[in-house]
Amino acid sequence: MNAIARLLFDLAGRVLRTIDPWLLGALLALMGIGLAVLYSAGAETPHLVFAQGARFAVGLAAMWGLSRIPPTRLRHWSPIVYGVSLLPLLLVLVIGQGKHGNHWINLGVFYFQPSEVIKLSLPMMLAWFLQRETLPPNFRVVLISGILIAVPFGLILLQPDFGTGMLVASSGVFALFLAGLSWWWFAAAAAGVAAVAPVAWIFLLKQYQKDRILTFLDPESDPLGTGWNIIQSKIAIGAGGMTGKGWGQGSQSHLDYLPEHTTDFIFAVLSEEFGWVGVATVLALYLFVIGRCLWIAAEARDGYSRLLAGAIGLAFFVYVIVNGGMISGMLPVVGVPMPLLSYGGTSAVSLLAGLGLVMAVGAHRPRHTT
């Protein structure tokens, strides 16, 4: 019996040797909390939980598979992966479906969101390009990097999906930041955005996108229309208090006051039912995941691995900040899900797959020998 136990233990160690146990533990905790909150937000019907659990399983399998690929091989594949991932972004503009545009491709068994794939391929491509250049980046490197970011960003805006486009662009910008890009570049970019904002408002933004911005500035101006979502979200957050109303006792979601309570606004459900204690617990887990990614990046022995792991970790940070700011009224509503809490398939799989790339960096870094 002891021999069998040792054999099984050794087999498990070999199978899971590339999985970072600390990162996996935090992710499993977040997934468990997410499924519990989803069960309550979904009117205590199990089918949403089963569907999301199946997506988590697919994401964990992708994470395990990617964690076993050495970063040297990932670096070699990066341009190919980037180029191939642009093709579905073109295809979705023709055959895509969505409430406010062409966001998903119906594959029969499930809906595929092509923009989620570029969240992985863009930081891979930027890391591949930047590690070949002399750093910190000069004007030529910044220009080429900007083009690499602008192509998928522009295609996603055409869907239109500003929220996802912003997340995709941020992963590329973080790669530049980690490569040592000077702060004055970011100041110049901010000034450029401010300069073109009036033009974008007139010619680029759809009416529902303008409504979101106006609602962010003054949600009480239309409390029964465009301001309803954010007002009800803030009510839910405030109603939770310190310890919350209890699991399954949130009135805002169960009485259908809070729209999108299983997707974009699920964090408001968590806040109402588990209060500040639940919010602080989840934020601590998010902080740990981000910190672990940055630690793995700092320990990497080559530029590609360092840039890839760091960009993915900081992009995860943007997910949390944007959704948290959105549901609390501090940022406009842009349709960004809360990682591993919000109900959704492609998003959860791509997120876990990206963390698999981070684990690959940690598992395959050269060890010091004595």
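In this predicted model, glutamate 272 forms a salt bridge with lysine 245, and their closest N and O atoms are 3.0 Å apart. Because glutamate 272 lies in helix H12 whereas lysine 245 lies in the loop between helix H10 (228-240) and H11, the pair ties together parts that are 27 residues apart in sequence.

**Other salt bridges**

- The structure holds five salt bridges, and one of them joins the side chains of aspartate 20 and arginine 292 at 2.7 Å, N to O.
- Aspartate 20 sits in the loop between helix H1 (2-15) and H2 and arginine 292 sits in helix H12, so this pair ties together parts that are 272 residues apart in sequence.
- Both aspartate 20 and arginine 292 are buried.
- Glutamate 133 and arginine 140 also meet through their side chains in a salt bridge of 2.5 Å, N to O; glutamate 133 is partly exposed, with a relative accessible area of 22%, and arginine 140 is likewise partly exposed, with a value of 43%.

**Helix H2**

- Aspartate 20 also caps the N-terminal end of H2, where one of its side-chain oxygens lies 3.1 Å from the backbone nitrogen of tryptophan 22.
- Helix H2 covers residues 21-41, and at 1.5 Å a residue its 21 residues should span 30 Å, which agrees with the 30 Å between its end C-alpha atoms.
- The buried residues of H2 include Leu23, Leu27, Leu30, Val37 and Leu38, and the buried residues of this helix pack against helix H3 (46-67), helix H11 (251-254), helix H12 (266-299) and helix H14 (346-363).

**Threonine 164**

- Threonine 164, which lies in helix H7 (residues 162-178), is buried, with a relative accessible area of 6%.
- When residues up to four places away in sequence are not counted, threonine 164 touches Gln113, Ser115, Lys119 and Ile156.

**The chain as a whole**

- The secondary structure comes to 14 helices and two strands, and 46% of the 370 residues count as buried.
- A compact globule of 370 residues would have a radius of gyration near 21 Å, and the chain agrees with this at 21 Å; along its principal axes, the C-alpha trace spans about 65 × 65 × 40 Å.
- Among contacts with a separation of 6 or more, 72% are between residues 24 or more positions apart.
- The accessible surface comes to about 17,700 Å², of which 70% belongs to carbon and sulfur atoms.

Notes:
Residues are numbered from 1 along each chain as its sequence is written. This is a predicted model: local features need pLDDT of at least 70, side-chain atom pairs count only at pLDDT 80 or more; totals for chains, interfaces and linings use all residues. Side-chain values use heavy atoms; hydrogens and water are left out. Helices (H or I, at least four residues) and strands (E, at least two) are DSSP runs, numbered from the N terminus. The expected span of a helix is 1.5 Å times one less than its number of residues. Buried means under 20% relative accessible area, exposed over 50%, partly exposed in between (1.4 Å probe, protein chains only). Contact means heavy atoms within 4.5 Å. A polar contact is a pair of N or O atoms within 3.5 Å; within protein, one must be able to donate a hydrogen and the other to accept it, and residues adjacent in sequence count only if both atoms are side-chain atoms. The radius of gyration is taken over C-alpha atoms; the globule rule is 2.2 Å times the number of residues to the power 0.38. Accessible areas come from the Shrake-Rupley method with a 1.4 Å probe; for residues, only the protein chains shown count as cover. A salt bridge is a side-chain nitrogen of Lys or Arg within 4 Å of a carboxyl oxygen of Asp or Glu.
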